Amino acid sequence: EVLEQRVTDESRSRTAKIVDVAQLRRVMTRWEVTHKINPDDLEIDNSNISPDEAADKIARHLRLRVSAA
């Protein structure tokens, strides 16, 4: 699974994110984290898109102004 592959990435250790597969599995078993809470909530499958593409989708969904870099 993509989440299990990504959870051990070194970059996550610099944040407060889950960093091991066992912990991820416990969270996924205990809580429903894959369904929208509200019908108009944004849903992004970011397994095959870049962080910039995901950020663009979020900005558009929230109607944020994005300045060119």
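**The salt bridge and its surroundings**

The chain exposes about 6400 Å², of which carbon and sulfur atoms supply 49%; accessible areas come from the Shrake-Rupley method with a 1.4 Å probe, and for residues only the protein chains shown count as cover. This is a predicted model, in which local features need pLDDT of at least 70 and side-chain atom pairs count only at pLDDT 80 or more, while totals for chains, interfaces and linings use all residues. Residues are numbered from 1 along each chain as its sequence is written, and side-chain values use heavy atoms, with hydrogens and water left out.

The secondary structure comes to three helices and zero strands, in the order α-α-α from the N terminus. Helices (H or I, at least four residues) and strands (E, at least two) are DSSP runs, numbered from the N terminus.

The structure holds one salt bridge, a term for a side-chain nitrogen of Lys or Arg within 4 Å of a carboxyl oxygen of Asp or Glu. R25 forms this salt bridge with E4, and the closest N and O atoms are 2.8 Å apart. The pair links distant parts of the chain, 21 residues apart: R25 lies in helix α2 (residues 21-30) and E4 in helix α1 (residues 2-6). Side chains of opposite charge can pair when their charged atoms come close.

R25 is partly exposed, at a relative accessible area of 48%, and E4 also counts as partly exposed, at 24%. Buried means under 20% relative accessible area, exposed over 50%, and partly exposed in between (1.4 Å probe, protein chains only). Buried residues make up 7% of the 69 residues in the chain.
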